[in-house]
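Subject: Structure for your review

Dear colleague,

Please find below the structure that I am handing over to you. My findings follow after it.

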Amino acid sequence: MEYLLEGIQGLINEPGRIVMMIIGCVLIFLAIKKGLEPALLLPMGFGAILVNIPASGAINQVIGGLIEQNGIIEWLFEIGIEASEALPLLLFIGIGAMMDFGPILSNPKLMLFGAAAQAGIFITIILAQLLGYPIADAASIGIIGAADGPTSILVSQVLDSKFVGAIAVAAYSYMALVPIIQPIVMKLCTTKKERQIKMEYKPASVSKTTRIIFPIAVTVIAGLVAPASVSLVGFLMFGNLLRECGVLDSLKEEASSHLSNLITLLLGITVSFSMYHEQFLSVDTLIIMGLGLAAFVFDTFGGIMFAKFLNLFSKKKINPLVGAAGISAFPMASRVVQKVGLEADPSNHLLMHAAGANVAGQIASVVAGGVLLSIVPTFMGGAEQGFNLITWFIKLLGF
C-alpha cells in the first residue's frame with residue numbers, strides 16, 4: 001500500500017509521466033489497430049510506459065533505498081546501444097539477408113535514385129543548423145531522412161545526441177506513414193501524364209558470382225570512401241552474402257526471420273529508455289518531428305526531380321514515381337509507387353523498377369549514415385565546436 005501511494009504521488013508530482021504513458025498507449029494503438037510498424041511501435045510504446053512508472057524497476061533496482069543495479073531496460077541500452085551499438089548493427093544482418101540486389105545488378109542505373117533520394121538528409125541538417133542546433137544534433141535529426149530506423153538510432157547515439165528517443169520515434173513513425181506521406185508528395189510533384197509513363201522490365205541474367213562479389217565490393221568501396229560506415233554497410237552486406245552464397249541457407253533463414261524479429265523487439269523496447277518524460281517532453285521533440293517530416297518530403301522530392309532530370313536526356317523515359325522509391329523504407333516505398341502508378345494507369349506496373357530503386361536506397365542511406373559518422377566528429381571539438389554545415393559547404397566550394 002505504501003508503494004502504491006508513493007507511486008500515485010509521483011504521478012501527481014510529475015504529470016509528464018502520465019503524458020508519456022498516454023503516448024505509449026497511442027503507439028501501441030497504432031501498432032495493433034492500424035498495423036503501423038507493429039514490431040517496433042508496440043515495444044516502444046510499452047517501453048515508454050515501463051520507464052515512466054515512478055521508481056520503475058525497469059530502469060534501476062532499488063533495495064533499502066539504495067540503487068543496487070541497473071534495471072533491464074537501462075542495462076540493454078548501455079550494452080546494446082550505448083557501449084557497442086550491437087542491436088542496430090545486428091539487425092542489419094537480418095535486413096541484408098532479406099534483400100535481393102538482383103534488380104539493381106540487372107539495371108545499375110537504379111543506384112542513382114538511391115543516392116538522389118538521400119537529399120532530404122542534408123537539406124534537413126541545414127534546416128536544423130538554421131534553427132540553432134549544433135552539428136551533432138543537426139546531423140542526428142537529418143538522418144531521420146534515411147527512412148531507416150536502425151541507422152537513425154546508431155548515428156544519433158554515436159554522435160551523442162540529446163534526442164535519441166525523439167529521433168527514433170520520428171524515424172519509425174514516418175517509416176510507418178510512408179503509404180500516407182509519399183502519395184501526396186508524388187501527386188504534387190508529377191502530372192498524371194508523367195505517372196502514366198510505362199517502363200519495360202527486361203531483367204538481365206545476374207550470375208551467382210556477380211551476386212557474391214557485389215556485397216564484398218560494396219563493403220570495400222564504402223569502407224574506403226567512409227571508413228566509419230564499415231560496420232553499417234558491412235553487416236548489411238554480410239547478411240546479403242549469407243543469402244547469396246548458397247551454402248548457408250539455414251543461417252540465412254534464421255537471420256532474416258528469427259534473428260531479425262528478436263533484435264527488432266529488443267531494439268524497440270531498449271530505445272524506450274530515451275523516452276523518459278524529462279527528456280522527451282519538450283519543444284525540441286515537436287521540432288524534431290517536424291524536421292523529420294521535412295526530411296521524408298525532401299527525400300521523395302529529390303528522387304522524383306532526379307528522374308525528371310534524367311528524362312531530359314533519355315530516349316526511354318523513366319516514370320518519375322520510380323525516383324520516389326529511392327528512400328530506404330523497404331519494401332513499403334516500392335509498393336506505394338506501384339499503387340500510385342496503377343491509379344494513373346491500371347496497366348502500368350512499376351513494382352520491379354521501384355524495388356530496384358528501393359534496394360539502392362537502403363544501401364545509400366547506410367552509406368550516408370557512415371559519411372556523417374566520418375565527417376561530423378571532426379568538427380565537434382575545440383575551435384570547430386560551433387561548426388556550421390552551411391559555412392563548410394561555402395568553404396568547400398572555395399568561396
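Against which helices do the buried residues of H15 pack? They pack against helix H5 (86-98), H10, helix H14 (208-225), H16 and helix H21 (351-375). Please bear in mind that this is a predicted model. The buried residues in question, within helix H15 (residues 230-245), are Leu232, Val233, Gly234, Leu236, Met237, Gly239, Asn240, Leu242, Glu244 and Cys245. Just after H15 comes glycine 246, with a positive phi of about 85°.

The chain as a whole

The secondary structure of the chain consists of 22 helices and 2 strands. For 399 residues, a compact globule would have a radius of gyration near 21 Å; the chain has 22 Å, which agrees. Its C-alpha trace spans about 75 × 55 × 40 Å along the principal axes. Of the 399 residues, 52% are buried. Among contacts between residues at least 6 apart in sequence, 76% join residues at least 24 apart.

As for the surface, the accessible area of the chain is about 18000 Å², and 68% of that area belongs to carbon and sulfur atoms.

Helix H3 (residues 38-51) has 14 residues, which at 1.5 Å a residue should span 20 Å; its end C-alpha atoms are 19 Å apart, so the two values agree. Buried in H3 are Leu40, Leu41, Pro43, Met44, Gly45, Gly47, Ala48, Ile49 and Val51. Their cover includes helix H2 (15-32), helix H4 (72-82), helix H11 (164-176) and helix H16 (249-271).

H11, one of the helices covering H3, is itself mostly covered, with 13 of its 13 residues buried.

Individual residues

Is methionine 186 buried or exposed? It counts as buried because its relative accessibility is 0%, and buried means under 20%. Methionine 186 lies in helix H12 (residues 178-189). Beyond residues up to four places away in sequence, methionine 186 touches Arg195, Thr300, Ile304, Leu321, Ala324, Val336, Val337 and Val340. Glycine 323 is 137 residues from methionine 186 along the chain, yet their C-alpha atoms are separated by 9.7 Å.

Serine 334 belongs to helix H20 (residues 332-344). At 2% relative accessibility, serine 334 also counts as buried. Apart from neighbours within four places in sequence, serine 334 is in contact with Ala325, Leu351, Ala354, Ala355 and Asn358. From serine 334 to isoleucine 184, the separation is 150 residues in sequence and 15 Å in space, C-alpha to C-alpha.

Proline 103 is part of helix H6 (residues 102-106). With 8% relative accessibility, proline 103 counts as buried. Leaving out residues up to four places away in sequence, proline 103 touches Leu110, Met352 and Gly356. Proline 103 and tyrosine 172 are 69 residues apart in sequence, and 26 Å lie between their C-alpha atoms.

Aspartate 160 counts as exposed because its relative accessibility is 61%, and the cut-off for exposed is over 50%. The phi of aspartate 160 is near 60°, which is a positive value in a residue other than glycine.

Finally, glutamate 82 is located in helix H4. Its relative accessible area of 44% makes glutamate 82 partly exposed. Setting aside neighbours within four places in sequence, the contacts of glutamate 82 are with Phe77 and Gln157. Between glutamate 82 and isoleucine 221, which are 139 residues apart along the chain, the C-alpha separation is 27 Å.

Yours sincerely,

A colleague

How values were computed:
Residues are numbered from 1 along each chain as its sequence is written. This is a predicted model: local features need pLDDT of at least 70, side-chain atom pairs count only at pLDDT 80 or more; totals for chains, interfaces and linings use all residues. Side-chain values use heavy atoms; hydrogens and water are left out. Helices (H or I, at least four residues) and strands (E, at least two) are DSSP runs, numbered from the N terminus. The expected span of a helix is 1.5 Å times one less than its number of residues. Buried means under 20% relative accessible area, exposed over 50%, partly exposed in between (1.4 Å probe, protein chains only). Contact means heavy atoms within 4.5 Å. The radius of gyration is taken over C-alpha atoms; the globule rule is 2.2 Å times the number of residues to the power 0.38. Accessible areas come from the Shrake-Rupley method with a 1.4 Å probe; for residues, only the protein chains shown count as cover.
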